[in-house]
Amino acid sequence: MNKPGVIAAAVSLLLLVSGRVEGRAEIVGADPDARATDQTQANGVALLLRRLERAVQAGDTAAYLSLLTDSADRTRAQNFGGTEIVPGATRAVVQERDRQPLAGTLPDNGYSLLVDAFVEYGGRARIATWTIDIKRIGEAGSDREWAIADQQQVSSVESLYHLALNGAKQYAARDLKIAAEDLELTLTDGSVFVVDVDQGVTGAVLMGHGAMRFKPAPETEQGQVKIFCGSETLETKFDAMYVRLHPSDFESVIGSANLQPRAIDPRELKRAQDVFRAESPKSFVLDLGDLSRDAWSLLPGPGDFLAEIRTRRFDTLTYARSGSEAEDVSLFDRKRHRNISIYPSKQRAALRAGRSFNEDEGVDYDILDYQIEAAFTPERQWIDGRARIRLKVRSYMLGTLTLKLADPLVVQSIASTEYGRLFGIRVKNQNSIVINLPVSVPRDKELTLVIVYAGRLEPQTPDRETLAVEQRGMQEDASVLIAAEPSMLYSNRSFWYPQAPVSDYATATLRITVPLNLDCVASGELEPGFPVVMPGKDPSQNRKMFAFTATKPLRYLAVIVSRFTRAETTTVALPTGTFSLTVEANPRQTNRGRDLVGRAAGIATFYESLLGDMPYPSFTIALVENDLPGGHSPGYFAALNQPLPTSTLNWRNDPVSFGAFPEFFLAHELAHQWWGQAVGWRNYHEQWISEGFAQYFAALYAQHQRGDETFGDVMRQARKTAMDATEQGPIYLGYRLGHIRGQSRVFRALVYNKSAAVLHMLRRLVGDEQFFGGVRDFYSKWRFRKAGTDDFRVAMEASAGRPLGRFFERWIYGSTLPKLKVTHRVEGSDVVLHVEQVGDLFDVPLTLSLQYADKKAVDVVMKLSERDTDLRVPLTGTLRGVDVNKDDGTLAEIVRN
Ligand SMILES: [Zn+2]
């Protein structure tokens, strides 16, 4: 539960996110404009605050009471002093963050100040946020111009520690074993230095001869470890290690009995200090901005464990056990920034009903609507933004909330319409802000936040939807005659506006301002009458503003800025209504853009006929020049790359480069309006719901438009690339496929192509009517929600009237393929076809083609689910032979006699 005032838990959660382990936080909310402009007044208030600061540092409640007005409630002030002004402080800093006129006072005669108080007690500190109501009681410039009328604690961050290695203690250790789930660390012989705080030991540096052994329990994770190091068990020596834990775990994890005190070796102490200085800032550390220049650390939660292991073979590996994560065990390659392994601990897995977890379960709030005003200055890659976010509380009580926003964007202010100016901690390297609310807000209450921010933000790099060039070389020298028209995309991976930590369906309105010579396409329908010219100081600074409205919920908002001309716009009539289709193209691509409209209308009409719905009322294609084909499809629009004829990059061997089907990208991106946008995926494991369906729908369109041969070509390539990559892991690993080695083609081969092939096998197994009925039911049930594999299985089981647990178990959660041994024998006028599943048992369809000497071949589909399956087929001619899987419809290894 999320209590007001205790920000620490929320921050430590952010700091320990696996793969994003490093993080520093800074305080935001300081706004110079919020301070009074009248210098005298500022001085008078500043004087009062300095006296307050001194009273806090002295722990002197009596001194505090002397700052009160005569009419102030002294009992309230005394109670405030009892918790907020306590003896033992070694340093105090009080900073004003905001002031509002105090109700019931004349202008400039009373203020309600929001202040942060940072108080150190030796190596420990706390931050409190207070409202201090002040009234004018004396002449301007007099010694007692202002006094405190009332005060209240708004929130606090407790138990911050300025960590240091204890240089007065050194221990010798022999065969010291530290165990965490699936991890064994042994210090055969070496030295240990500790980091202690008032509660006990929270960290240690271990140096000497060490051995690390990591073997994740889940088989899939063993496969990932094998991709990383060549073996399912990662074993390596280490020379040094830094660990963090909660002091209450010290005895069970390290144990003082295993440490023998010894005399300090100054050289070893120096080395240990170096390790501490390098490793300790990487996690649990807050950056407190103007409150303190020192690094202040939070304590890990009980049961949490973190080790920075300096290994011989793999540089620094970070193992983390983090109770706040759905997948609470992780191993991270710090140097290359890769997640090697992430999974739920045995204890966590046992609590779950199925394999899947719902990333929405832990969310504290639901965003209902965004109003974004953003001005883009592309030559500086600069964004000035203002986001108004309406949200509804989902946790029992909400005291702090976390929003994502790109690190380079500086937050200028946070306010809520209900509570005024708010206090936030910016967690660096985490693209996050933690906002403290002054009160606990109960479930179902709505809040509106307004966040003003600005900064330089690079556009999104091409995602894995864009083909990658595997080999670079030639093209570096090749002269590109025409440069592609530049375009800047800000979308789901940019964090260009404050947003929920997990994707969250919300409606939106966007006001996007760009320089006069540029245009943009963004999420939503362009409002009539826009763009409008916004006059600047002089005509050279005139800008253009676009307004977009998204009345249907979106998972995230996106904008692409470039030079566009309207190639075409049309209204498409569908059985379920109409939708408008527009192509905005880079100027050189206008003709091509015009040709796209009819094609896109045909594709959308086809998809609508399969699903009985068009989720968004309009769709805009932004046709942009790029060196590589690809695209990106948020709701309401798609950016579609148009490679220039002069591009010399070679992408043609990519898993999703379908030569026979040039409309592939358009068909795939358009399918994302239904799959990926209207139906989202529940967490990273379920991304195949988006990419697999988009891919299969694109293939279905190929069949619809160009016939079986093109469909066959697409499925053949899907099968081949999927089979080649299948050992890299199950579809269920999502983005992690190919991640360890940075091979995005592995991701496309499996999450796109294998998923499409799996859907095709499912269709052949259950039959067309059942398949399309189930897909349609699944779609309508999960429209504008996030779904997972289990939800699709349930819909298909209902439609097919049979259990499909093993089908999904093998194809989505597993990475093996069926091994099928096919034989046949002629008995009288029949042929008996026999298939034996040699390896794991699968549910899989297989096409056998009876080749006749004297007539056309006849295809027979066998549905396999047993170890041995026989099918007797009457012969209609002279059998010449039996071809297996000629249609490439089955992912299987065929064993020949
Ligand atoms: Zn896609």
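In these legends, contact means that heavy atoms lie within 4.5 Å of one another. The model is predicted, so that local features need pLDDT of at least 70 and side-chain atom pairs count only at pLDDT 80 or more, whereas totals for chains, interfaces and linings use all residues. Residues are numbered from 1 along each chain as its sequence is written, and side-chain values use heavy atoms, with hydrogens and water left out.

View 1. Helices (H or I, at least four residues) and strands (E, at least two) are DSSP runs, numbered from the N terminus. Not counting residues up to four places away in sequence, Glu-181 touches Tyr-319, Arg-321, Val-329, Tyr-343, Ser-345 and Lys-346. With a relative accessible area of 17%, Glu-181 is buried, a word that stands for under 20% relative accessible area, while exposed stands for over 50% and partly exposed for values in between (1.4 Å probe, protein chains only). Lys-215 is 34 residues from Glu-181 along the chain, and the C-alpha atoms of the two are separated by 9.1 Å.

**View 2. The packing of helix H11 (residues 664-671) and helix H12 (residues 688-706).** The two helices pack at an angle of about 130°, with their axes 8 Å apart; axes are lines fitted to C-alpha atoms, for helices over the stretch in contact, and angles run from 0 to 180 degrees between N-to-C directions. This makes H11 oblique to H12, given that angles under 35 degrees count as roughly parallel, over 145 as roughly antiparallel, 65 to 115 as roughly perpendicular and the rest as oblique. The crossing of H11 and H12 is right-handed, where a crossing is right-handed if the near helix is turned clockwise from the far one by less than a right angle, and left-handed if anticlockwise. On the H11 side the contact is made by Phe-664, Ala-667, His-668 and Ala-671, and on the H12 side by Glu-691, Ala-694, Gln-695, Phe-697, Ala-698 and Tyr-701. By class, this contact of H11 with H12 has seven nonpolar, two polar and one charged residues (Ala, Val, Leu, Ile, Met, Phe, Trp, Tyr, Cys and Pro count as nonpolar, Asp, Glu, Lys and Arg as charged, and the others, Gly among them, as polar).

**View 3. The packing of H12 and helix H14 (residues 744-766).** Here the angle is about 65° and the axes are 8 Å apart, which makes H12 roughly perpendicular to H14. The crossing of H12 and H14 is right-handed. From H12, Trp-688, Glu-691, Gly-692, Phe-693, Gln-695, Tyr-696, Leu-700 and Gln-703 meet Val-751, Tyr-752, Asn-753, Ser-755, Ala-756, Leu-759, His-760 and Arg-763 of H14. The contact of H12 with H14 has, by class, eight nonpolar, six polar and two charged residues.

**View 4. Two aromatic pairs, Phe-118 with Trp-296 and Phe-228 with Phe-314.** Rings of Phe, Tyr and Trp (its six-membered ring) pair if their centres lie within 6.5 Å, and planes under 30 degrees apart count as stacked, over 60 as edge-to-face and the rest as tilted. By this rule the count comes to 39 aromatic pairs. Phe-118 and Trp-296 form an edge-to-face pair, 5.5 Å centre to centre and with 75° between the planes. Phe-118 lies in strand S3 (residues 110-121) and Trp-296 in strand S12 (residues 295-297), so the pair ties together parts that are 178 residues apart in sequence. Phe-118 is buried, with a relative accessible area of 0%, and Trp-296 is buried, with a value of 1%. The rings of Phe-228 and Phe-314 have their centres 5.0 Å apart and their planes at 40°, so this pair is tilted. Phe-228 in helix H5 (residues 219-229) and Phe-314 in the loop between strand S13 (305-311) and strand S14 (315-321) are 86 residues apart, and the pair links distant parts of the chain. Both Phe-228 and Phe-314 are buried.
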